[in-house]
Structures are given as C-alpha cells and as structure tokens.
Amino acid sequence: MIVYNATKKEFNKHVILNQISEIIRDNLRARHISGGGTAEFNSWQNSLQFMRNVIDTKDIPDDADIAIEYQIPRTSKRVDFMIAGADKDDKDNVVVIELKQWDKVEKVDDIMRHSVRAFTGGAKRMVNHPSYQAFAYATFIKNSSEMVQDNKIDVIPCAYLHNFDPIYKEVLNDDIYKIWYDEAPFFIRNDVLNLQSFITRFINKKSKNGDLLYKIDNGRIKPSKALQDCIVSLIKGNEEFLLLDDQAVAYDMCLKMMDQCKKDLKRRSIIIQGGPGTGKSVLAVNLLKDFIVKGYNASYCTKNSAPREAYQRLLSKSDLKAQVNIKQLFRSPFGLNKLPNNFYDCLIVDEAHRLVAKMYGDWNGENQIKECLEKSLFTIFLIDENQRITTKDIGSIDEIKKWAGITQSRVIMNEETILHSQFRCNGSDQYIQFVNNILQVGEPVDVDIEDMNFDVKVFDDPNEMRDKLRELNQINNKARMVAGYCYDWNVKNRNGEWDICLKNGFVAKWNLENDKIWAINPDSFEQVGCIHTAQGLEFDYVGIFIGKDLRYDNATGKVITDKTMISKDDKSSGIRTSSNEVAETLIKNTYKTLLTRGQKGCYIFCEDEDLSEYIKDIIKGTDKNE
C-alpha cells in the first residue's frame, strides 16, 4: 500500500509549499494505518526537504514516479522513499531510498552484522544498519511483486543519512557491514551529488509502463522464483526438517486441503494437535516451503518472535543474504486486521495456543484467531492446549471452531491431524509422562527412567548444574538454562546487577532483551532464558530453575503452586491476579513446557528442597506418594 504517490513535479511543489507532511499524515489516517505522530511528522518535514534537493535536477524527469511510505506486502514495514522510471535503455527501475536523520552511530559488536547503535526516539537504541534495511526492503519487494518479476523491473536499494557527520563514516563502512553496503550504498550529508548521480543512472525518463509504482502496489502478490529456489535449497539435505511418521500424513492432508481450496475458493482450516516434541514446527516449515514453491502466497505465523527468528537462522545458517530472502515469509499476527480478506492463500499458524485477542499497539485488532481465519483461504493451526502460559492466551480448539463457524471456514480435525510420535526427549513418550507425574497432571503412570536413555538429573547446587551445562554447550552450542516467572528483571529495570540469585552464590541475568536469537546465539549461554524465548524451540540439554511458585507439601503429598511467588515485574502472564485454579494451570503449563525442551537431557534445580527430594524419589522409582 502506497501512502503518498505523485510525480516528481507534484512532490517538489508539496515540499516547497510545506504541505508534504500534512498530506502524508492525512493519507495514513484515511487508510487506517498507524503512524503520523509528532516525531514521524517532523522527520518528514526534515528528510523530504533534503530529498527534494537531491532530485531537483533536469536529469530526473518531472513525470518520474514518486512514492513515500510504501507498505511492503506481507509486512508492517514501510519504505521511506521510492522513485521509479526508466534508464537510457528504456529499462524500468525502482530506486528504494531509506532515510535517516542520525548524525552518528556506534558499532555494537563484531558479531552483530546487521545492527548499529544510534540515537533515535529519544534514546540510544540498537537499530538496523541503513544499508541492510534498504537491501532487505528491496529484496522483499522483488520477492513478492508479480509486476516486478514478470516485467523484469530492477529494484535498487540505497540509504541517505542527510545529517550524518563524515568523521563517523568509518563506523558505517566497517567490514562487518560490507555485504550490505556493497548491495545498497549509503550516502551522507556531503554526498548529495553522489546520490543524485546514483539515482540518475537508473532514472532519467518516465517508464513506458505508465504509473509504475501504482501498478506494483496494486499487482498480485506472488513469491519469486528466486525465493522459491532459496527456500528449497535451504531445506534440502537439512536433517532438522525431515518429515517422519504422522508428520508426513498430516503434511499430505494439508496439501490436499490447499488444493481443494484453490479449486473451489472456499475457506478451510485444519487443526493439527501435538504435544511437546511431536514436530509441529518442522511440519509447518515444510508446508511453507511446498506452498511457496507452488507459487502460493503463504506465510509462517507465530505470536512469539523467538521461533520465527530461530527458524530463519537455522534455515539460512551462515548465508546472510538467504536469511533476508526468507525473512518476509515469517510474520506475527500483529496487524493482520489491516489486510484484505483472503489475502493469503495459506497462513500456517504455529504455537496457535499463544494467540491472543489483541496485542499492545494493534489498536484495530479484534481477535487473532478470527483474523487468521479471515485473511487466509486455508488456515493451518498447530496447537497444544497444554502450552498456554498466560491469561491472555486464547488459543484453544473450541475457540478456533467458534470463529471458523463465524468466518465460514470449514474445519478439518480427526485422528490423522493428531501428531503422536515423539522426536524430542530422545523420542521417549515415557519422559512426557514422567513430567506429568512430577507436576501431578492427569493420572500417574509408572515409568522407568533407565529405559528412556534420557539424561535426567536433579542438582542440589545451581552452580554445579550450570558448570555441567556449560561443558555440554561447548560441543555444539545446544545447551541452555531456563526459568519460570519467579525472578525479577533487575538488570532491565536498573535495580541491580543480577536477576537470578540462588544458593551458594549463584547469580545470573535474564536473556538480553535485544537478543532475538538467544536460543542459537553462541554468546548467550550465560543468560537464563524465559518461557517466551524458549517456547517452540529445543536444545540438546536444558537446565531448569524451578522457583518458589512450585513446591512439594510432605504432609499432603501434593505439588503446590503459589501465584504470590511470581515476580511483580512479570507484566505478561497475568498469573498473580488470576484465580488460584487458573494460576495452577498456567504455572504447571509453564514448567511442563520448559521441562520438555531437551532432546538428550534435562537438568533440574529446585528452590524448594522438598520438591527436589520428591523429584529424586520419582527418578529412583520410589515415589513417596505410594
């Protein structure tokens, strides 16, 4: 969606008459797009004056096509400035220009190849390198626009930092960003003529296609051949994404349903159930690949960003450009309400139990289940109702069925849509029962730990548990520490140097707030992951700190939950203010989710010593409740 579209001549007039910011703001409101606040309004006032100076040359025709705040399909991202036309050989081109008002930046770290630190929004923040951002936006447009693909239109990215002090240019020019500025050059305040020359290489006459940007904006969404080839090559030979047993059956069912939807254009939805480690996410990624290869407009969707970020990295491995290619295929349900109905051919909703009615900032949102169903011809829900961990989580089979009826989406759910095979916890269904026994969920069933070939240990010293996990992490970076909601966010709130302080001098921090890939970041082991960064992911070995919200009562032989022990810094779960019954369910769901993240082993430290002894007895096969 284009917020502002005009010729170069009209754009120049709107800037000279000081009308441009009001026009953009009014257009945003008319299209029900959020934005246009004071800071953004002032940025248009400032940056677009500079852009007018750049394009004010006879070498760029007056009827060249200008677009401002173009919302990229399948994303909530908006391109600052685009100019379209043809070069001297009548080749159609679109130049994408990312505008920044920064006067300087700092490098974050040698491993942070996408990011710099800049003063923006009233504070120093970690943000994208402008060349990376411009390159990503251009790639997204090429990968989603049928008009661009069929007409072989080039989309050329660059960035313009019109206030940037030349003495800091070497930071932006650091070799760690070379992969991005080679593809999308950046220009600073003394580069006006260089930027002008760059644009005129591609735009020196009007396109014969007429209103090129309008046609791109209103064209069909279609995955490019390059995107199809990219995702196929990334999954091919990747053992982490092989389908086995009932995964393959569910996969075939989804292909059949998608084919039927395309033939009769009637909405359908399929509910695929599976407990921890049954391969829901592997199935989702394979379906995404298949639908993209078929040319369908499909996307993988989760409310929680951690699985999206991790799967992008796992798929692309060290290929940074491949990661950019596939990034737009992974989205949040945030903003779905802004899309037209049946925008997607298929929306694959992983971790559907974590869907909510409305996310903060999604002011026009109503209900994410409803929006998933409305915006997709075929909707795939992958769900485990026992992994709902906050009072806001509404993802349930009944809720999906209710909204499917309202949105006229036929629901498919049967024995073939239930995933039974266990691919985590060393393939042991017994371990899942062992966890249920610990938490006293359902009827107890005798299990033999020795038969599992799965490493389960309870540690009395949290330092020893960390040392053992650290040693295991040296093998392949697949061991992590996690914890429930008990511990304060001291570091983030500047209330102390440590978040988690336990016996024997053990101290640790929560995972860094800006580390979106904590689960696979080789530098993240020392931080403890919360449920939101661990859910949907798996490790070889996981160590869980069970806080005072879960304890064992020797007198009654019951595992007891205590919602008063939840940290007051916890703003997301709603456990502290929920009923005791709801709190018990959510606390146990949280620990079950954490206890089932490991493929080879699970280590446990309990603050409550009685709970620790109780779990040890179960491991020994001498449950004290018997």
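Does asparagine 504 count as buried or exposed, and at what relative accessibility?

Modeller: This is a predicted model, and what follows was computed from it. Asparagine 504 counts as exposed, because its relative accessibility is 52% and the cut-off for exposed is over 50%. The residue sits in the loop between S19 and strand S20, the latter covering residues 507–510. Its backbone is worth checking too: phi is positive, about 60°, although asparagine 504 is not a glycine.

Arginine 494 can be read alongside it. Arginine 494 belongs to the loop that runs between strand S18 (479–483) and strand S19 (500–501). Here phi is near 60°, again a positive value in a residue other than glycine. Arginine 494 is exposed, with a relative accessibility of 78%.

For contrast, take isoleucine 20, which is in helix H2, residues 20–30. Isoleucine 20 has a relative accessible area of 3% and is therefore buried, the limit for buried being under 20%. Apart from neighbours within four places in sequence, isoleucine 20 is in contact with Tyr4, Phe11, His14, Val15, Leu48 and Ile68. Tryptophan 44 is 24 residues away from isoleucine 20 in sequence, and their C-alpha atoms are 7.7 Å apart.

Phenylalanine 434, not counting residues up to four places away in sequence, touches Val447, Ile449, Met452, Val456, Ile615, Ile618 and Ile619.

Last, the whole protein. There are 22 helices and 25 strands. Buried residues make up 58% of the 626 residues. Of the contacts with a separation of 6 or more, 74% join residues 24 or more positions apart. The C-alpha atoms fill a box of roughly 90 × 60 × 45 Å along the principal axes. The protein exposes about 26400 Å², of which carbon and sulfur atoms supply 46%. Its side chains include 86 positive and 93 negative ones, and the centres of the two sets lie 6 Å apart.

How values were computed. Residues are numbered from 1 along each chain as its sequence is written. This is a predicted model: local features need pLDDT of at least 70, side-chain atom pairs count only at pLDDT 80 or more; totals for chains, interfaces and linings use all residues. Side-chain values use heavy atoms; hydrogens and water are left out. Contact means heavy atoms within 4.5 Å. Helices (H or I, at least four residues) and strands (E, at least two) are DSSP runs, numbered from the N terminus. Buried means under 20% relative accessible area, exposed over 50%, partly exposed in between (1.4 Å probe, protein chains only). Accessible areas come from the Shrake-Rupley method with a 1.4 Å probe; for residues, only the protein chains shown count as cover. Lys and Arg count as positive and Asp and Glu as negative; His and the chain ends are not counted. The place of a charge is taken as NZ of Lys, CZ of Arg, CG of Asp or CD of Glu.
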